[in-house]
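Colleague: I am still learning how such descriptions are worded, and I would like to go through the terms with you one at a time. Could you show me the chain before we start?

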Amino acid sequence: HPAILLLCGSGEQDRDWDIDRDGRFRMGVMLADALGESGIAVLRLDDRGTGKSTGQRESLTGFETLKEDALAALAFLRDQPGLGPVGIGGLSSGSEIALMAAAGSTEIDFLLLLSGPFVPGSEILMAQARAFPEVFVPNQPDSREELVKKALEFQSLCIAAARGQETED
């Protein structure tokens, strides 16, 4: 049977891709079920420190770390008996991780990319800060305006750090 590793998008998510943790919409389950019914074995993961993962969220330092996690999961999948071609798929930023893993490996037979970004990551981060600021600001201020401002500041620091730029405190 072919097999696939499915990667979720950004944010702390479990293997069901239940980002709101309310159980209403679990796209990871639906996709895995559809693939399984088509004869494709599926491996899904909880993000570090999320769901039943024993990993530490703080050890997640960027896309390179996520790529290494994906490659380790693919190696595990390849070691399972009775599997044929092995691929990797992802949703949103998970599709970026899938592409990064595929670019650095000759062991990936196919890709499944869903809702991959077509604008620079920095634009995505700033749009997310405006749309979902509460995800990025742990101690939330009273006004939405202040919340968005703090989220944008946080994302700006993330972008600068990713580019290797020095930042002021």
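Modeller: What follows is a conversation about the words used for this chain and the values behind them.

Modeller: This is a predicted model, in which local features need pLDDT of at least 70 and side-chain atom pairs count only at pLDDT 80 or more, while totals for chains, interfaces and linings use all residues. Residues are numbered from 1 along each chain as its sequence is written, and side-chain values use heavy atoms, with hydrogens and water left out.

Colleague: Why is Ser95 called buried?

Modeller: A residue is buried under 20% relative accessible area, exposed over 50% and partly exposed in between, with a 1.4 Å probe and protein chains only. Ser95 has a relative accessible area of 2%, and therefore it counts as buried. Ser95 belongs to helix H3, and, leaving aside residues up to four places away in sequence, it touches Gly90, Leu113, Leu114, Gly116 and Pro117, where contact means heavy atoms within 4.5 Å. Of the 169 residues of the protein chain, 33% count as buried.

Colleague: What makes something a helix or a strand, and how many of each does the protein chain have?

Modeller: Helices (H or I, at least four residues) and strands (E, at least two) are DSSP runs, numbered from the N terminus. By that rule the protein chain has five helices and four strands, and along the sequence they follow the pattern β-α-β-α-β-α-β-α-α.

Colleague: How do you know that E1 and E2 pair?

Modeller: Two strands pair if DSSP finds at least two bridges between them. Four bridges join E1 to E2, so the two strands meet that requirement, and they run parallel. Leu5 stands opposite Leu43 in E2.

Colleague: What makes E2 and E4 the edge strands of the sheet?

Modeller: The four strands form an open sheet in the order E2-E1-E3-E4, with parallel pairing. Strand E2 (41-44) and strand E4 (110-114) each pair on one side only, and these are the edge strands.

Colleague: What is meant by a nonpolar core, and which residues of the largest one touch the most other members?

Modeller: A nonpolar core is a set of buried Ala, Val, Leu, Ile, Met, Phe, Trp, Tyr and Cys residues joined through side-chain atoms within 4.5 Å. The largest has 14 residues, of which Leu5, Leu7, Ala70, Leu74, Leu77 and Ile88 touch the most other members. Its largest share, four residues, comes from H2. Another core, of nine residues, lies apart from it and includes Val137, Leu147, Leu152 and Ile159.
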